[in-house]
Amino acid sequence: MIRPYALLRAGFPYLRTIGMRRITDNPVDLALGEEGRLYCICRGEVAMHIRRFSWDDEDLGTIGGRGTGDGQFVWPSSLVRDKDENLLVSDEALHRITVFDKDGKFLSRWGERGEGEGHLDRPSGLALDADENLFVVDTMNHRVQKFTNDGQFLGAWGGFGTGEGQFNMPWGICIDDLGDVYVADWRNDRIQKFSADGESIMTIGSTGDGEGQFNRPARLTVDSDGDIYVADWANDRVQQFDKRGRYVDTFIGDATLGKMATTYVRSNAKVLRLRETTTLGPSKRLRGPSAVQVDAEGHLYIADYGSHRIQVYKKEAYPLRPEELLPEPTAPSLSTV
């Protein structure tokens, strides 16, 4: 995969909202399927399942439910789809991975609590590489573990700490199309980038609310241009960085009512009255965004946890060749007015 040398960034406008409280209750992670299917872990007071819905904002039903049996969850955290559109789901409370097909049929489960090789303690983020090996964020063991997608242990790296290659309750993970691994180091308020073998490449961020800083980064994703998107949970925003880790932009939320929500509001007189008398500014904003995903068309999907919906943006950027730009400056320049 060849990345563009640079980008002409024309914009990144808000496009649409998918879901609503009664359907996408506290979305904590999401995965993108074929034919416009979306899958979302709902982890609210009532909901404890995977919700299936469409790009056209249609409810397609649920997968799983609350419990400890096959195909059930106590505290589901992350999901990822394989090439056959089977869904692999981590459960922090049950310390295991559960596998379903795209229609919700239970296929298998594996995992055992512990701190040895292949054991898990509150597994959270999941990512598949090009060979469909599964990388698992083993949160309370402060490490990343690598398995075959049926649970055979292949390797691990990390440990508790603040140094390079160490973690403090890591949570999110993604693998880019070059095979590099990115980890949201939750309590260290940073992103770490590694090779597939765990060799440290780059660190982004520090604690704070300024540009390029984080307050509990949750999950992250990387697009085909190498741009990195981070759900900055406690700062109520998503931040965008380029392939070198340079801060680019911030998304704070621009939601309108989606199809589901519009239908519900129009059928409920009390909700209509409340909507008619409220100010709309705060209702548009992100509240505790928990996950981000991108697709091949340049759509950015944000799981808006506190507002029970998915906000979608559309990237507008054009690849540039080296000869189209001036050379990068090698020394500071001065200007006078």
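This is a predicted model: local features need pLDDT of at least 70, side-chain atom pairs count only at pLDDT 80 or more; totals for chains, interfaces and linings use all residues.
How many bridges join S12 and strand S13 (residues 143–147), and in which sense do they pair?

Residues are numbered from 1 along each chain as its sequence is written, and side-chain values use heavy atoms, with hydrogens and water left out.

**View 1**
S12 and S13 pair in the antiparallel sense over 5 bridges. Strands, like helices, are DSSP runs numbered from the N terminus (at least two residues of type E for a strand, at least four of type H or I for a helix), and two strands pair if DSSP finds at least two bridges between them. The pair belongs to an open sheet with the order S11-S12-S13-S14 and antiparallel pairing. At the edges are S11 and strand S14 (153–158), each pairing on one side only. From one strand to the next, the twist averages 20 degrees; for such angles, axes are lines fitted to C-alpha atoms, for helices over the stretch in contact, and values run from 0 to 180 degrees between N-to-C directions. Look for Val-137, which stands opposite Val-144 in S13.

**View 1. Ser-90 in strand S8.**
Ser-90 is found in strand S8 (residues 87–91). Is Ser-90 buried or exposed? Its relative accessible area is 0%, so Ser-90 is buried (buried means under 20% relative accessible area, exposed over 50% and partly exposed in between, with a 1.4 Å probe and protein chains only). The side chain of Ser-90 reaches the backbone oxygen of Ser-124 at 2.6 Å. Such a polar contact is a pair of N or O atoms within 3.5 Å; within protein, one must be able to donate a hydrogen and the other to accept it, and residues adjacent in sequence count only if both atoms are side-chain atoms. Leaving aside neighbours within four places in sequence, Ser-90 has contacts that include Trp-75, Arg-96 and Leu-126 (contact means heavy atoms within 4.5 Å).

**View 2. Asp-101, buried without a salt bridge.**
Asp-101 sits in the loop between strand S9 (96–100) and strand S10 (106–110). Asp-101 is buried yet has no salt bridge, and the nearest side chain of opposite charge, Lys-105, is 5.7 Å away. Here Lys and Arg count as positive and Asp and Glu as negative, while His and the chain ends are not counted; a salt bridge is a side-chain nitrogen of Lys or Arg within 4 Å of a carboxyl oxygen of Asp or Glu. A polar atom of the Asp-101 side chain does lie 2.8 Å from the backbone nitrogen of Lys-105. Not counting residues up to four places away in sequence, Asp-101 touches Ile-63, Glu-85, Asn-86 and Leu-107.

A search of the whole structure finds 28 salt bridges. In one of them, the side chains of Arg-219 and Asp-29 meet at 3.8 Å, N to O. Arg-219 in strand S19 (residues 217–222) and Asp-29 in strand S3 (residues 27–32) are 190 residues apart, so the pair links distant parts of the chain. Both Arg-219 and Asp-29 are buried. Glu-92 forms another with Arg-43, the closest N and O atoms being 3.3 Å apart. Glu-92 lies in the loop between S8 and S9, and Arg-43 in strand S4 (residues 37–43), 49 residues away. Glu-92 and Arg-43 are buried too.

**View 3. Helix H2 and its cap.**
Helix H2 (residues 269–277) is hardly covered: among its 9 residues, the count of buried residues is 0. Asn-268 caps the N-terminal end of H2, with a side-chain oxygen 3.2 Å from the backbone nitrogen of Lys-270. Glu-276 and Arg-273 meet in a salt bridge at 3.1 Å, N to O. Both lie in helix H2, 3 residues apart, about one turn of the helix, and both are exposed.

**View 4. Two residues with positive phi.**
Glu-132 has a positive phi of about 65 degrees although it is not a glycine. Glu-132 lies in the loop between strand S11 (123–128) and strand S12 (134–138), and counts as buried at 15% relative accessibility. Asp-189, not a glycine either, has a positive phi of about 50 degrees. Asp-189 is found in the loop between strand S16 (181–185) and strand S17 (190–194), and is buried with a relative accessible area of 2%.
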